Each structure stands twice: as C-alpha cells, then as structure tokens.
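Q: I have a structure open and want to get my bearings. Can we go through it together?

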Amino acid sequence: ILYTMDDLDKALDGKDIKMVSIDENLIEKEYGLHGSPLLVHFNGNIPRVFDGELAEEEEFTNFVMESLEKSEIEEVNGDVLDSLVTRLPNLVAVFFDSDDEKNMKIMTSLEDIDDDFDRNGVPLVKVDDVTKANDEFGLDNLPSMLYWKGEIPNMYPGDINDKKGLLDWVVKTKAEDTIEFVTEEILEDMVDKFEYVVAYFQPYCKENDVTCQAMREDILEGLEDIDDNIDDIGISLVTTKDVKFARRLGIPKLPCVGIFKNGNFQAYEGDLTSEVSILNWLSDIDTLEIPGVIEEVNSDMLNNIIKLEDDVLVFFYDPEDKDSEDIIVELETIDDNLEEEEVEFVKCSEPNAQREYGLTQVPALVFFENGVPEVYPGDLKNDDETLAWISKELSNQEIEEVNPSILGYLMDSSDFLA
C-alpha cells in the first residue's frame with residue numbers, strides 16, 4: 001500500500017502538504033480513530049478518514065484532493081470529539097439529529113459560517129450523536145452548540161439560528177475570560193473531575209420580572225470581575241440555570257453561589273452582590289477545608305496554599321499506585337492532630353506537580369515551613385513516626401539544608417533569599 005502512495009506523495013508536495021506514514025501500535029486511538037491501516041487527512045487538526053480501498057490509487061488521490069477543497073463543517077464521531085477537546089486549545093461542536101428534518105434545515109443554514117470560524121482561529125465540527133448530547137452534556141434541544149476553551153464546555157445561550165449572534169459570541173468568548181454556562185450533566189462531570197468547583201445557580205425569572213432579571217445579571221457581572229482571581233487560586237467557576245441539581249443539593253432558595261470541595265457542596269451565606277466578600281470567602285483556608293479528610297488539590301491551589309500558610313504538609317502521589325492508597329489511609333489518622341498544630345495538610349496527584357518544588361519522586365511527604373520544603377525520610381506507613389517528625393520540624397530552629405534542585409525552586413519563587 002505504501003508503494004502505491006508514491007504518486008500521491010509527490011502530488012501533495014506540490015501543494016505544500018506533508019505526507020507521513022506511522023507504524024506505532026495503537027497510535028490512532030489518540031485521535032479517536034480505530035483500526036489500521038488508515039489514510040487520514042488532517043485539516044486544521046481535524047481528521048477525515050478515507051473509507052475506500054487503499055489499493056485504489058485514483059480513489060484515494062481523489063479523496064485527498066476533494067478533502068482539500070471541502071468547505072462544509074466537518075462531521076466527527078464522539079471518540080474523535082473527545083480527542084479534539086484534549087488536543088486543541090479551543091473548539092466548537094454543534095450537536096444535531098440527522099433523523100430530524102428541522103435539525104437538518106438548521107444545519108444546512110450553518111454550513112456557510114465554517115470559513116468565518118476558520119478566520120477567527122476556532123475549529124468547528126458537527127456531531128450526529130443524540131445519546132452523547134443528551135447523556136453526557138445534557139443537551140435536550142438540538143441543534144445545540146458547545147465551545148471549549150480548555151477542558152470546560154461552554155454552552156451557547158442564544159438562538160442557534162442567529163448566525164451573526166453565534167459568531168459574535170464565539171469571538172468574544174475566545175478573546176475574554178468568561179464564566180462557562182453549563183448544564184446539570186456538565187456540572188456533575190466537573191464535580192467528579194476537578195477537586196474544587198464554584199457554581200453560581202441562577203434563579204428562574206419570569207419573562208416580565210425585570211427586578212429578578214437585573215439581580216441575576218448583576219450577580220453574574222460581579223462574578224465575572226473576580227473570575228481571573230478565582231482561577232489563580234486554582235478553582236473553576238461556572239454558572240447554570242438548572243434548578244433540579246440545586247434542589248438535589250438541598251439549596252432552599254436561588255440565587256446561590258457555592259463551592260464543591262472534592263464533591264462536597266458548601267453554600268456561600270453572605271452578600272451575593274459583593275464580589276469582594278465572595279472572593280475573600282473562597283480564598284479562606286477554612287472554606288477550602290473538609291473536616292476529617294485530607295483535601296485533594298491541584299498544582300495552582302497548592303501553590304496558593306503554600307504562599308498563604310506558614311506550615312503546610314503535602315503528600316505527592318500517583319493515584320494508580322496501590323502503596324499510595326495504603327499510605328493515605330495511614331495519613332488520615334494524623335490529620336486531626338495536625339489541625340491542632342495549625343498545619344494545613346493536603347494531597348496532590350497532579351502529574352509532575354512535585355517537580356515545581358525541586359522534587360523528583362513520588363510518593364513523597366513534604367513539609368513546607370514558610371515555603372521551604374523538607375522531605376520526610378522515614379516510613380510513610382508509620383503514622384506515629386510521621387507525626388513525631390512533623391512535631392520535630394515545627395519546633396526545629398536550625399537553618400534548613402536543601403539540595404541544588406530545591407535551592408533552584410526557592411531562588412525562582414522568592415523575592416529575597418539568604
């Protein structure tokens with residue numbers, strides 16, 4: 001088959017398109033594809049698979065040439081979409097039902113905006129998968145559009161027939177940091193995936209209730225002003241109009257702002273119109289703590305905690321490591337003792353998070369005193385030894401000795417160092 005593609009390779013060279021062959025086992029799965037051999041044309045990072053006979057040189061040559069001229073929105077399946085979300089910095093997907101005549105009319109009218117998206121640097125795909133749209137993303141009314149800028153999908157809140165409004169929204173969302181508008185299903189997935197999620201549950205406002213609508217927007221605008229600050233702490237902020245999820249959480253009244261901490265929900269009880277008060281509440285270590293549990297944090301949140309707190313104990317680990325699971329069980333027994341010593345105790349399984357602090361291996365138990373890390377050298381499964389070591393570190397008045405890697409971290413992270 002490779003021999004028959006020589007002519008195609010030459011033709012593509014003339015169009016400044018590179019053709020390569022890859023024999024790495026199962027690499028196609030990284031792109032949401034299945035089986036081999038495959039001939040795939042990537043246009044703007046979006047794969048289009050040739051489904052004809054690879055031995056038919058004229059057939060696959062025509063496929064590539066037609067693919068180059070193709071101007072309509074590229075259709076992908078759910079696996080390819082999942083791959084694109086992880087690989088691309090931003091992406092728009094329109095979900096539709098090909099068995100619905102009204103859906104197809106709308107999709108036909110949207111075909112001419114593909115070039116506008118290309119000019120704005122946003123890949124656009126369409127997905128004919130009603131089950132994925134309903135079950136995974138909570139999209140009940142199709143066609144519906146989601147925009148990814150990172151890992152969190154943002155649902156287009158307007159009329160999908162309004163092509164100008166749709167394009168303007170995507171361009172604005174790409175250029176600015178906005179709070180993602182999500183469904184119940186998307187929020188539940190985020191709560192499962194991320195350690196900390198802040199959600200603004202919007203109230204239902206009747207069409208003529210101007211007071212309610214103004215309050216709803218005022219709260220949203222205030223949260224938009226602190227979105228970057230919340231992101232810097234390492235917390236994702238989203239908003240939803242899904243009242244069913246709010247009821248399941250036991251929220252008595254909307255609007256409501258609250259935080260999910262490793263899946264546990266806590267509502268903010270202060271003034272929703274004071275974004276400064278909300279930010280202060282979210283920045284407070286007491287808000288982020290879960291009694292009796294070693295909190296899982298990401299690298300951004302860990303960095304923030306180390307900056308804010310004098311004494312921080314961190315367990316860096318690999319969640320796939322069975323020994324780490326056993327160690328966490330042992331460490332849970334000393335968590336309460338550390339609270340009495342006013343030591344913040346957290347765990348972090350984000351890959352390579354420990355390297356930022358000049359450390360190389362996991363699992364590792366590290367005590368940060370005023371930002372300076374000290375690695376526990378003993379048996380991680382012996383909670384008595386661990387607690388004795390921490391107590392010793394808390395009373396230790398000696399100058400800390402560090403290795404070159406940790407020194408490099410301290411020099412990068414400190415304004416002054418002696």
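Q: Among contacts between residues at least 6 apart in sequence, what share joins residues at least 24 apart?
A: That share is 70%. Contact means heavy atoms within 4.5 Å. Keep in mind that this is a predicted model, where local features need pLDDT of at least 70 and side-chain atom pairs count only at pLDDT 80 or more, while totals for chains, interfaces and linings use all residues. Residues are numbered from 1 along each chain as its sequence is written, and side-chain values use heavy atoms, with hydrogens and water left out.

Q: How many helices and strands does the protein have?
A: There are 17 helices and 17 strands. Both are DSSP runs numbered from the N terminus: helices are H or I with at least four residues, strands are E with at least two.

Q: And how much of it is buried?
A: Of the 418 residues, 45% count as buried. Buried means under 20% relative accessible area, exposed over 50%, and partly exposed in between (1.4 Å probe, protein chains only).

Q: What about the largest nonpolar core, how many residues has it?
A: It has 38 residues. A nonpolar core is a set of buried Ala, Val, Leu, Ile, Met, Phe, Trp, Tyr and Cys residues joined through side-chain atoms within 4.5 Å. Leu 223, Ile 235, Leu 302 and Phe 316 have the most contacts inside the largest one.

Q: Which helix gives this core its largest share?
A: Helix α9, residues 210-233, gives 6 residues.

Q: Which residues does Leu 223 touch, leaving aside neighbours within four places in sequence?
A: Leu 223 is in contact with Ile 179, Tyr 200, Leu 237, Val 257 and Ile 278. There is also a second, separate core of 36 residues, which includes Leu 91, Val 127, Phe 181 and Ile 251.

Q: Back to α9. At what angle does it cross α11?
A: Roughly 20°, and the axes come within 9 Å. Axes are lines fitted to C-alpha atoms, for helices over the stretch in contact, and angles run from 0 to 180 degrees between N-to-C directions. So α9 and α11 are roughly parallel. The cut-offs: under 35 degrees is roughly parallel, over 145 roughly antiparallel, 65 to 115 roughly perpendicular, and the rest oblique.

Q: Which residues make that contact?
A: On α9 they include Leu 223, Ile 226 and Ile 230, and on α11 they include Ile 278, Leu 279 and Leu 282. By class, the contact has 7 nonpolar, 3 polar and 2 charged residues. Here Ala, Val, Leu, Ile, Met, Phe, Trp, Tyr, Cys and Pro count as nonpolar, Asp, Glu, Lys and Arg as charged, and the others, Gly among them, as polar.

Q: How far apart are the axes of α9 and α13?
A: They are 6 Å apart, and the helices pack at about 85°. α9 and α13 are therefore roughly perpendicular. Asp 231, Asp 232 and Ile 233 of α9 meet Asp 300, Met 301 and Asn 304 of α13. That makes 2 nonpolar, 1 polar and 3 charged residues.

Q: Last one. Is Asn 370 buried or exposed?
A: Asn 370 is exposed, at 58% relative accessible area. Its phi is positive, about 55°, although Asn 370 is not a glycine.
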